[in-house]
Amino acid sequence: MIGKISRKFFEENIINKIGSLRNEVVVPPRNGVDVGIVRIGNKYMAITTDPLYIDPAFGFKKAAWFAFHILASDLYTSGIRADYMSIDLNLPKHITDEQFKEIWDVIHNECIKYNMEVVTGHTARYAGTEFPMVGGVTLMGIGDRYITTENAHVGDAIIMTKSSALEASIVLAYTFPEYVRKNIGEQYFKSILDKFYTMTCVREEQLAIDYGISTKITSMHDATEGGLLNSVYEIGIASGNGILIDFDKITVDSDIAKLCSLFNIDPLRSISEGTLLITVKHEYAQEFTEILERSGIKSSIIGEVTDNSLGIKIREDGKEHEIEPQDDQLWNAISGGIEKGLK
């Protein structure tokens, strides 16, 4: 299996071996939860960690921007803004000083933009390391209250932003540009490339924080590994509730649909950094979609949180089908394209 370990592996090998349990840890590692939460006095610290993902196919400036926003998008799902960064850079021997400076300048500037400070880290070149995974980053933020996917409530509406398979389509377009351009056409190809800087959830998360964490917005979850359907499943499992979403309400942009068809991947089962799932108290759902739209973020209400006894389901053509976790389809598309020698 390529990508994240399975839910089963996590539960059998990790979740029960996390060291000495401490009373101040109020949200420990859990499936479908993007952050850990530690109580500090009457405040809460949200913490998240991810690989530093630098894909040279994007160009180093774009790659560094994306790496930053993968982390920030996770941290902000807690309803707490990021304050501190700890960063470990395990770089390939062949990276040049100029390339490193491009990466670091972007991280520095994004930290300034979001009022974050790098407080510790490690930087080195090592034999045996290679792009795109060249280290790890931990973000931390302190706030008065927090939310996680565990806080979704029965009756909440579920909002999605942007399009499914956003990240998958962009990664494939950058990885196999000649093949994609030839087979979906210049207009669609350019349209996908132009979506690059939409691969972040931070703007809509900031709007959610301003709108009202806990009182109105009950949870947020970005649709990463496994795509939109896996993220829906994780909200249900983490909160202990059922979910019902409507296939016809899910947004898949036409250019993304065309590219997914080219690589024979399901846009609902493919990684989509930049797509945020938001559970919101039903009476506020329409108003919040209007706030998102006014900020230039398209969104749609795709379903609701239901009673646990109803299961986690998607309605399509008048029938309801169980949603089960599946491997992300992007990785096989990339490995298959490499094997075929696509350019």
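A: Thr49 stands opposite Thr138 in strand S6. This pair belongs to the antiparallel pairing of S3 with S6 (residues 133–143), which extends over 9 bridges. The model is predicted: local features need pLDDT of at least 70, side-chain atom pairs count only at pLDDT 80 or more, and totals for chains, interfaces and linings use all residues. Residues are numbered from 1 along each chain as its sequence is written, and side-chain values use heavy atoms, with hydrogens and water left out.

Strands (E, at least two residues) and helices (H or I, at least four) are DSSP runs numbered from the N terminus; two strands pair if DSSP finds at least two bridges between them.

Helix H2 (residues 60–76) packs on the sheet and touches S3, S4 (84–92) and S6, where contact means heavy atoms within 4.5 Å. The direction of H2 makes about 150 degrees with that of S3; axes are lines fitted to C-alpha atoms, for helices over the stretch in contact, and angles run from 0 to 180 degrees between N-to-C directions. Helix H3 (residues 97–113) also packs on the sheet, touching S4 and S5, with its direction at about 165 degrees to that of S4.

The open sheet has 6 strands in the order S1-S2-S3-S6-S4-S5, with mixed pairing. Its edge strands are S1 and S5 (117–126), each pairing on one side only. Antiparallel pairing joins S2 to S3 (residues 43–53) through 5 bridges, and Gly36 has Ile47 in S3 as its bridge partner. Between these two strands lies a hairpin with 2 residues, where Gly41 takes a positive phi near 65 degrees.
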